[in-house]
Amino acid sequence: MTKQLTVKEVRQLFSTVQTTDDQLFSSYANDPRSGVQKILVQTRRRLVRQAAAREDFAKRFHFEKQLWQAGCRYVAGIDEVGRGPLAGPVVTCAVILDDRFDLVGVTDSKQLTQHEREQLYLKIVDEAVEISIAVNDAPTIDRLNIYAATQQAMIRAVNQLHHRPAHLIVDAVPLKIDLPQTTLIKGDQKSISVAAASIVAKEYRDHLMKDYDRIYPGYDLVENMGYGTAKHLAGLAKLGATPIHRRSFSPVAKVINQK
């Protein structure tokens, strides 16, 4: 007589199931143990979520696949992080992927936890054809304005690529560059390449801001990443502006004028 598996062993068995028509479901369909029936329900839910994620991933590869089929070998997705903060740089990123890219979890960086972003960042760097990052600091932002500084950094990120893209997919900001481009509002939710760029840019900038927090304590930069939170504004009022603060942004200019 075959020994009955424990509920724990059944759970381990179902953890590897990848399809809802797996024979294991029928094998345990009539198992009287409530724990086993709970595993079946949880496994089906997991598989439904995974199928939905794969379908969504395929949809967000629509623009890239269309361009590849049209003969564009290299397509670059471009995004930025850091247009709104009072301190720190704006960071832009250009990412080129190919049709082997399979990180289903890649989506708008704002929808991911810090741990998810960190893990995906490492995998994106490993799987991407190429990644390019360009940064414009606070003085450059003050000199050009944030929109122009973002555009300039995005163009620099593209021009730094060794693989010359045949087409760009850009999040929201049209670029003055002699390359065909598709500009998407909320592009990081519509294009995998743009989403990958947003994750890389976000991780890169967050690490910079953590370093700045050690150099300029008292502004809570490690938590707010330069955005105008209550603690950041309190630090500004008490300590004044640092070299990384954007003097053209009104809350910073107000503090400088008061000082």
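Q: Is the crossing of helix 5 and helix 8 left-handed or right-handed?
A: In this predicted model, the crossing of helix 5 and helix 8 is left-handed. Helix 5 covers residues 114-127 and helix 8 covers residues 192-215.

Q: Why are helix 5 and helix 8 called roughly perpendicular to each other?
A: The two helices pack at an angle of about 115°, with their axes 9 Å apart. Angles of 65 to 115 degrees count as roughly perpendicular. Helix 5 and helix 8 are therefore given that description.

Q: What makes strand 2 largely enclosed by the rest of the structure?
A: A residue is buried when its relative accessible area is under 20%. Seven of the seven residues of strand 2, residues 90-96, are buried, so the strand is largely enclosed. V90, T92, A94 and I96 point one way from strand 2, while V91, C93 and V95 point the other way, and all of them are buried.

Q: How do you know that strand 1 and strand 2 pair?
A: Pairing needs at least two bridges between the strands. Six bridges join strand 1 (residues 75-81) to strand 2, and the two run antiparallel. One of the residues involved is E80, whose bridge partner in strand 2 is T92.

Q: In what sense do strand 2 and strand 3 pair, and over how many bridges?
A: Strand 2 and strand 3 (residues 130-136) pair in the antiparallel sense over seven bridges. With a cut-off of at least two bridges, seven bridges qualify as pairing. A94 stands opposite S132 in strand 3, and V91 stands opposite V135.

Q: What makes strand 4 and strand 5 a pair?
A: Strand 4 (residues 167-171) and strand 5 share four bridges and pair in the parallel sense; the cut-off is at least two bridges. The bridge partner of L168 in strand 5 is Q181.

Q: In what order do the five strands stand in the open sheet?
A: The order is 3-2-1-4-5, and the pairing is mixed.

Q: Why is one side of strand 3 and of strand 5 left without a neighbour in the sheet?
A: Strand 3 and strand 5 (181-184) stand at the edges and each has a single partner strand, so one side of each has no neighbour in the sheet. On average, neighbouring strands of this sheet are turned by 20° against each other, direction ignored.

Q: How many disulfides does a search of the whole structure find?
A: Zero disulfides are found. C72 is in no disulfide, as the nearest cysteine sulfur, that of C93, is 20 Å away.

Q: Why is the sulfur of C93 too far from that of C72 for a bond?
A: A disulfide needs two cysteine sulfur atoms within 2.5 Å. The sulfur of C93 is 20 Å from the closest cysteine sulfur, in C72, which is too far for a bond.

Q: Why do C72 and C93 count as buried?
A: The cut-off is under 20% relative accessible area. C72 has 14% relative accessibility, so C72 is buried. C93 has 0%, so C93 is buried too.

Q: What makes the aromatic pair of F61 and W68 tilted?
A: The search of the whole structure finds four aromatic pairs. In the pair of F61 and W68, the rings are 5.5 Å apart centre to centre, with 55° between the planes. Planes under 30 degrees apart count as stacked, over 60 as edge-to-face and the rest as tilted, so the 55° of this pair makes it tilted. F61 is buried at 3% relative accessibility, and W68 is buried at 19%.

Q: Why does D220 count as partly exposed, while M225 is buried?
A: D220 has 23% relative accessibility, so D220 is partly exposed. M225 has a relative accessible area of 9%, so M225 is buried. D220 lies in the loop between helix 8 and helix 9, and M225 in the loop between helix 9 (221-224) and helix 10 (230-239).

Q: What is the phi of D220, and what is that of M225?
A: Phi of D220 is near 60°, a positive value in a residue other than glycine. M225 is not a glycine either, and has a positive phi of about 55°.

Key
Residues are numbered from 1 along each chain as its sequence is written. This is a predicted model: local features need pLDDT of at least 70, side-chain atom pairs count only at pLDDT 80 or more; totals for chains, interfaces and linings use all residues. Side-chain values use heavy atoms; hydrogens and water are left out. Buried means under 20% relative accessible area, exposed over 50%, partly exposed in between (1.4 Å probe, protein chains only). Rings of Phe, Tyr and Trp (its six-membered ring) pair if their centres lie within 6.5 Å; planes under 30 degrees apart count as stacked, over 60 as edge-to-face and the rest as tilted. Axes are lines fitted to C-alpha atoms, for helices over the stretch in contact, and angles run from 0 to 180 degrees between N-to-C directions. Angles under 35 degrees count as roughly parallel, over 145 as roughly antiparallel, 65 to 115 as roughly perpendicular and the rest as oblique. A crossing is left-handed if the near helix is turned anticlockwise from the far one by less than a right angle, and right-handed if clockwise.
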